[in-house]
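Hi everyone, thanks for coming. Let's take a few minutes to walk through one structure together.

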Amino acid sequence: MLVLIRKARFYKVDEFGVKNYHNSYLIAIAFIMLYVTMFLFSAALIHFESAHIDANITSFYEAFWTLQMTASTIGYGDFHPVSTGGKVIATLMFYIGFGLVGFIVTKVLGSIIGFSNTDVRNRELRKQNSEIIERNKMLERKVDSLVKVLEKIS
């Protein structure tokens, strides 16, 4: 019973059996993924930068701030990686963060502004397809019965 209650909070299943996750759930998962990634990458970034003599990122906080600015594409430039490993980490954070931040912004704006919902269009198309399939099955049955009648006549 508890499993059903938990599932009901995260998604709804439409008439075609497709799970439609709630935006709030998807946004929460994306934020968790973003900040866990930033946390882990910050540890790697501080590891690489601490070994470099010209490093300006000297604490976990500075590494986290740098990656947060990188993911958001703001990039204030107050801190920046100078080691090769640090640059690789920042580049990876850019691609991962840009995708996750873009996803979050899209979901939030879609909820507020109400962009056209492709889920609705997809459900409508599935409904139309199921109606067409039912019609084709009915026509097949009629053709089969007509063939049987013609076989009896000949």
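A word on ground rules first. This is a predicted model, where local features need pLDDT of at least 70, side-chain atom pairs count only at pLDDT 80 or more, and totals for chains, interfaces and linings use all residues. Residues are numbered from 1 along each chain as its sequence is written, and side-chain values use heavy atoms, with hydrogens and water left out.

Let's start with the record. UniProt, in an unreviewed entry, places the feature "transmembrane region" at residues 25-48 and 89-116; its positions are given in the numbering used here, feature names are shortened, and annotations may be inferred rather than shown by experiment. In the model, residues 25-48 are 100% helix and 0% strand, with the end C-alpha atoms 35 Å apart. When I name a helix, I mean a DSSP run of H or I with at least four residues, numbered from the N terminus (strands are runs of E, at least two).

How do the helices cross? The axes of α2 and α4 come within 10 Å and cross at roughly 165 degrees. That makes α2 roughly antiparallel to α4, and the crossing is left-handed. For α3 and α4, the axes come within 7 Å and cross at roughly 50 degrees, so these two are oblique to each other, and their crossing is right-handed. Axes here are lines fitted to C-alpha atoms, for helices over the stretch in contact, with angles from 0 to 180 degrees between N-to-C directions. Under 35 degrees counts as roughly parallel, over 145 as roughly antiparallel, 65 to 115 as roughly perpendicular, and the rest as oblique. A crossing is left-handed if the near helix is turned anticlockwise from the far one by less than a right angle, and right-handed if clockwise.

Now the rings. How many aromatic pairs does a search of the whole structure find? Eight. Rings of Phe, Tyr and Trp (its six-membered ring) pair if their centres lie within 6.5 Å; planes under 30 degrees apart count as stacked, over 60 as edge-to-face and the rest as tilted. One of the pairs is F31 with Y35, stacked at 6.2 Å centre to centre with 15 degrees between the planes. Both residues sit in helix α2 (residues 23-50), four residues apart, about one turn of the helix. F31 counts as partly exposed because its relative accessibility is 38%, and Y35 does too, at 32%. The cut-offs are under 20% relative accessible area for buried, over 50% for exposed, and partly exposed in between (1.4 Å probe, protein chains only).

Another stacked pair is W65 with Y76, 5.9 Å centre to centre and 10 degrees between the planes. This one links distant parts of the chain: W65 is in helix α3 (residues 60-71) and Y76 in the loop between α3 and α4 (84-113), 11 residues apart. Y76 is exposed at 55%, whereas W65 is partly exposed at 25%. Ring pairs also link F31, Y35, F39, F60 and F64 into a cluster.

On to charges. With a salt bridge taken as a side-chain nitrogen of Lys or Arg within 4 Å of a carboxyl oxygen of Asp or Glu, the count comes to one. E134 pairs with K137, the closest N and O atoms being 3.9 Å apart.

Finally, T73 lies in the loop between α3 and α4. T73 is not a glycine, yet has a positive phi of about 65 degrees. Most residues other than glycine have a negative phi.
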